[in-house]
Amino acid sequence: MAKTVVLGLSGGVDSAVAARLLVEEGYTVYGHWLDIGLGGREAAAEVAESIGIPFSAGDIRQELETEVMAPFQRDYLAGRTPLPCARCNPTVKFPALFRRAEEVGAQFVATGHYARIRQTEYGPALCRGAHTNDQAYMLARLPRQWLGRLLFPIGGYEKTQVRELARGYGIPVADKPDSMEICFIPQGDYAAWLDQRGQVPPPGDFVDRDGNVLGRHLGIHHYTIGQRRGLGIPAAHRLFVSAIRPAENQVVLSDGTDLMADTVWGEALNRLAPLEERAEVTVRLRHSKTETPAVFYREGSGGRLELKTPARAPTPGQLAVLYDGETVLGSLWITKDRRV
């Protein structure tokens, strides 16, 4: 039986090269573009035609609103800093691709993420990408039972290598700029997007730790923990956002010395590999290359991380992703740290 796969075809270079690599490996590839209401179908269809694969489109606008955009808004109103891509992957994007796979009888689903699936003694495992463009962090909320049906063809490549492959294949989007991180906010100004949706917090007070008023802020949705730029408050030293108090409509500023944390709590543990009640791990607390050695302790449906090296500004609403070497063990949504 031929190997068949539905590939999320965005119209960008990563998914295009992923499709071509799968074709070369002997897969029957179905390109599937997901409509979020901002256009791009023609570019994706052109890519599919250039590679010679069937093309289809699916409308995910309602699911994106319900599962990602509305929670994104609620998080900012509650003083958290959301991570929409990590929420979208398990609730909208991959479910839509799996639905298309069921329609065409495909065994696998693929995307152009820089991550890898490896077979281990306990089954398939999600692993970081081989080089600097690792995106396994954003996939750490996927259910473990999906891993055996996922393919990430470019996970072993650098971005520059992917572009070179695209040029060699004659793919029309070889030099297309990378897309913005938040697909539904193409201009990148999330605060303006929230303002347009309405029901945003009004301006309020910047305060210090003792509650002394330092100035006025534009609304708590304009700020995130650790932020330094755009505060507009004159001071003898640099100021940072060290806490957001939605109930009081206040943004707390400090000199930044209170931003370091050695304990981080999280909720809704998503286990992707065997994970003991107490485990030595490394953890990423944001989408960056920085990993911190830590001890993970299971607590109810979540857990606590005791960091061996204090980390700067763990932020509620972001992900704590746990690793054992290259393997993603699981993830938690950060809820609080010692500053709360």
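Tutor: In this predicted model, D205 has R216 as its bridge partner in β9.

Student: Why are β9 and β10 called edge strands?

Tutor: The open sheet has four strands in the order β9-β8-β11-β10, and its pairing is mixed. β9 (213-217) and β10 (240-245) each have a single partner strand, so one side of each is without a neighbour in the sheet. On average, neighbouring strands in this sheet are turned by 30° against each other, direction ignored.

Student: Which strands stand at the edges of the five-stranded sheet?

Tutor: That open sheet has the order β3-β2-β1-β4-β7, with parallel pairing. Its edge strands are β3 (55-59) and β7 (150-151), each of which pairs on one side only.

Student: How do you know that β1 and β2 pair?

Tutor: Strand β1 (residues 4-8) and strand β2 (residues 28-35) run parallel and are joined by five bridges; the requirement is at least two. In β2, T28 is the bridge partner of T4. Helix α1 (residues 13-24) packs on this sheet, where it touches β1, β2, β4 (108-110) and β7, and its direction makes about 170° with that of β1. Helix α4 (residues 84-104) lies across β1, β2, β3, β4 and β7, and runs at about 135° to β2.

Student: What joins β5 to β6, and how many residues lie between them?

Tutor: Strand β5 (residues 115-120) and strand β6 (residues 123-128) run antiparallel and are joined by six bridges. R118 has A125 as its bridge partner in β6. The two strands form a hairpin with two residues between them.

Student: Why is C85 called partly exposed, whereas C127 is called buried?

Tutor: Buried means under 20% relative accessible area and exposed means over 50%, with partly exposed in between. C85 has 26% relative accessibility and therefore counts as partly exposed. C127 has 2%, so it counts as buried.

Student: Which residues of the largest nonpolar core touch the most other members?

Tutor: This core has 44 residues, and those with the most contacts to other members are F72, F94, L126, L150, F184 and V328. Two or more residues come from each of α3 (61-77), α4, α6 (190-197), β16 (319-324) and β17 (327-337). α4 gives the largest share, eight residues. Beyond four places in sequence, F94 touches N89, V109, T111, H113, L139, L142, W146, L150 and F152. A second, separate core has 27 residues, including A19, V162, A166 and V173.

Student: Why is A294 called buried?

Tutor: The relative accessibility of A294 is 0%, so A294 counts as buried. A294 lies in strand β14 (residues 292-299). Among the residues that A294 touches beyond four places in sequence are A279, V281, L305 and L307.

Student: What makes Q318 buried, and which backbone oxygen lies 2.8 Å from a polar atom of its side chain?

Tutor: Q318 has 12% relative accessibility and therefore counts as buried. The place of Q318 is in the loop between β15 (302-312) and β16. The backbone oxygen is that of T81. The limit for a polar contact is 3.5 Å, and the 2.8 Å separation is within that distance.

Student: Are Q199 and A313, both with positive phi, buried or exposed?

Tutor: Q199, with a positive phi of about 55° although not a glycine, has a relative accessible area of 72% and is therefore exposed. Q199 is in the loop between α6 and β8. A313 also has a positive phi, near 55°, but has 1% relative accessibility and so counts as buried. A313 is found in the loop between β15 and β16.

Notes
Residues are numbered from 1 along each chain as its sequence is written. This is a predicted model: local features need pLDDT of at least 70, side-chain atom pairs count only at pLDDT 80 or more; totals for chains, interfaces and linings use all residues. Side-chain values use heavy atoms; hydrogens and water are left out. Buried means under 20% relative accessible area, exposed over 50%, partly exposed in between (1.4 Å probe, protein chains only). Contact means heavy atoms within 4.5 Å. Axes are lines fitted to C-alpha atoms, for helices over the stretch in contact, and angles run from 0 to 180 degrees between N-to-C directions. A nonpolar core is a set of buried Ala, Val, Leu, Ile, Met, Phe, Trp, Tyr and Cys residues joined through side-chain atoms within 4.5 Å. A polar contact is a pair of N or O atoms within 3.5 Å; within protein, one must be able to donate a hydrogen and the other to accept it, and residues adjacent in sequence count only if both atoms are side-chain atoms.
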